Amino acid sequence: MSQSEKRRCIAVPAVIVLTLVMLFLSAGMGTGAVQAKTNTKKNTAVIYFSATGTTKAAAKRIGKKTKGKVIEIKAADPYTDDDLDYGDNNSRVTKEHESAASLAASSVHPEISNLKAIKKAVKNADVIYIGYAGGIIGLN
């Protein structure tokens, strides 16, 4: 399987989930419905991590629909194509994914360069959307 095929295998589930969120919002069952019922504006944050750009596009659509603040989670050390090679046992993503029994239990996380801005947005938000495709994100 080529590297681009492996990326598609990871990106497709994220796009499906984010598309379902968009459909949910479009149907009036999401943030818009809450705003209409309470007549108050909800502060929304759309926080995403995107190594290849797929999740970024979906996050921007959600941000536009919800009028939310869109913030990219930026790795202090950006991912290269070699880092994203799931076929290489020594690649960065393979090491991150295989460092524990589950991604949530992993202690291997990229350092986040804009963590302060993310924490501020989360603190001020009533509604938070988080988008990522297979990345390990730790907000601590």
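## Burial and surface

Here, a residue is buried if its relative accessible area is under 20%, exposed if over 50%, and partly exposed in between (1.4 Å probe, protein chains only). By that cut-off, 34% of the protein's 140 residues are buried. The surface comes to about 8600 Å² (Shrake-Rupley method, 1.4 Å probe), and carbon and sulfur atoms supply 54% of that area.

This is a predicted model, where local features need pLDDT of at least 70, side-chain atom pairs count only at pLDDT 80 or more, and totals for chains, interfaces and linings use all residues. Residue numbers start from 1 along each chain as its sequence is written, and side-chain values use heavy atoms, with hydrogens and water left out.

## The sheet

You'll find five helices and three strands, in the order α-α-β-α-β-α-α-β from the N terminus (DSSP runs: H or I, at least four residues, for helices; E, at least two, for strands). The three strands make an open, parallel sheet ordered β2-β1-β3 (pairing takes at least two DSSP bridges). β2 (69-72) and β3 (127-131) sit at the edges with a single partner strand each, so one side of each has no neighbour in the sheet.

Strand β1 (residues 44-48) pairs with β2 through four bridges; Tyr48 has Glu72 of β2 as its bridge partner.

## Helices on the sheet

Helix α3 (residues 54-66) packs on the sheet and touches β1, β2 and β3 (contact: heavy atoms within 4.5 Å). Its direction makes about 175 degrees with that of β1 (axes fitted to C-alpha atoms, for helices over the stretch in contact; N-to-C angles from 0 to 180 degrees). Helix α5 (residues 115-124) lies across β1, β2 and β3 as well, at about 150 degrees to β2.
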